[in-house]
Amino acid sequence: MAVKIRLKRFGKIRAPYYRVVVADSRTKRDGRVIEEIGKYHPTENPSFIEIDSERAQYWLGVGAQPTEQVAALLKLTGDWGRFTGEGPTESQVKAPERRKAFVHDEAKKPVLKPKAEKPAEKPAEAPADAEAPAAAESTED
């Protein structure tokens with residue numbers, strides 16, 4: 001049985017993400033797998049790559065063949081260098097940058113005013129029919 005380390009695709013049409021899996025070479029791309037050993041999200045900046053190094057070394061040791069894409073990922077994580085003895089053995093995967101904390105600019109005016117600063121609404125005036133008889137009574141005197 002030929003065993004391959006390859007990518008299993010998930011996600012939507014233009015938003016793919018993958019799992020690095022060990023599977024029989026005859027199974028479908030997204031079919032049954034033997035073991036999942038990692039994740040790969042290419043749409044993030046920088047790309048998210050997480051591979052279980054111990055399991056990758058085991059499967060490479062027992063003869064599993066990585067596809068071209070997975071071989072490139074293994075070279076980035078340093079697992080391929082550990083297995084073959086050539087190339088760098090440390091991970092070259094970039095960590096995502098931390099987002100800057102939001103700082104409110106006091107110089108700008110707020111768009112919304114707090115409720116306490118809004119002027120109170122004037123009470124609604126009484127209907128005109130109710131005032132007319134009262135006005136008529138006061139003129140008779």
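The dialogue goes from confidence to the sheet, then to the helices, the core and one loop.

Q: What should I know about the model before I start?
A: This is a predicted model: local features need pLDDT of at least 70, side-chain atom pairs count only at pLDDT 80 or more, and totals for chains, interfaces and linings use all residues. Residues are numbered from 1 along each chain as its sequence is written, and side-chain values use heavy atoms, with hydrogens and water left out.

Q: What is the mean pLDDT of the protein chain, and which element has the lowest?
A: pLDDT is the predictor's confidence in each residue, from 0 to 100. Here the chain's mean is 80, and 79% of its residues reach 70 or more. Among the elements, helix α4 (residues 128–140) has the lowest mean, 60. Strand β2 has the highest, 92.

Q: How many helices and strands are there, and in what pattern?
A: Elements are DSSP runs numbered from the N terminus: helices are H or I with at least four residues, strands are E with at least two. The protein chain has four helices and five strands. Along the sequence they read β-β-β-β-α-β-α-α-α.

Q: In what order do the strands form the sheet?
A: Strands of a sheet pair through backbone hydrogen bonds, either parallel or antiparallel. Two strands count as paired if DSSP finds at least two bridges between them. In this model the five strands form an open, mixed sheet in the order β4-β3-β2-β1-β5. β4 (48–51) and β5 (65–66) are the edges; each has a single partner strand, so one side of each lacks a neighbour in the sheet.

Q: Which bridges should I look at?
A: Begin with β1 (residues 3–12) and β2 (residues 15–24), antiparallel over ten bridges. Within that pair, Ile5 has Val22 as its bridge partner. β3 and β4 are also antiparallel, over four bridges. They form a hairpin with six residues between them, and His41 stands opposite Phe48 of β4.

Q: Which side chains of β4 are buried?
A: In a regular strand the side chains alternate between the two faces of the sheet. Buried means under 20% relative accessible area, exposed over 50%, and partly exposed in between (1.4 Å probe, protein chains only). In β4, Ile49 and Ile51 point to one face and are buried.

Q: Which strands does helix α2 lie across?
A: Helix α2 (residues 68–77) lies across β1, β2, β3, β4 and β5, at about 85° to β4. Axes are lines fitted to C-alpha atoms, for helices over the stretch in contact, and angles run from 0 to 180 degrees between N-to-C directions.

Q: Which residues have the most contacts inside the largest nonpolar core?
A: In soluble globular proteins, nonpolar side chains tend to be buried together. A nonpolar core is a set of buried Ala, Val, Leu, Ile, Met, Phe, Trp, Tyr and Cys residues joined through side-chain atoms within 4.5 Å. The largest one here has 17 residues; Ile5, Leu7, Val20, Ile37, Ile51, Trp59 and Leu73 have the most contacts inside it. β1, β2, β3, β4, α1 and α2 each supply at least two of its residues.

Q: Where is Thr67, and what does it touch?
A: Thr67 is in the loop between β5 and α2. Its relative accessible area is 19%, so Thr67 is buried. Contact means heavy atoms within 4.5 Å. Not counting residues up to four places away in sequence, Thr67 touches Lys4, Ile5 and Arg6.
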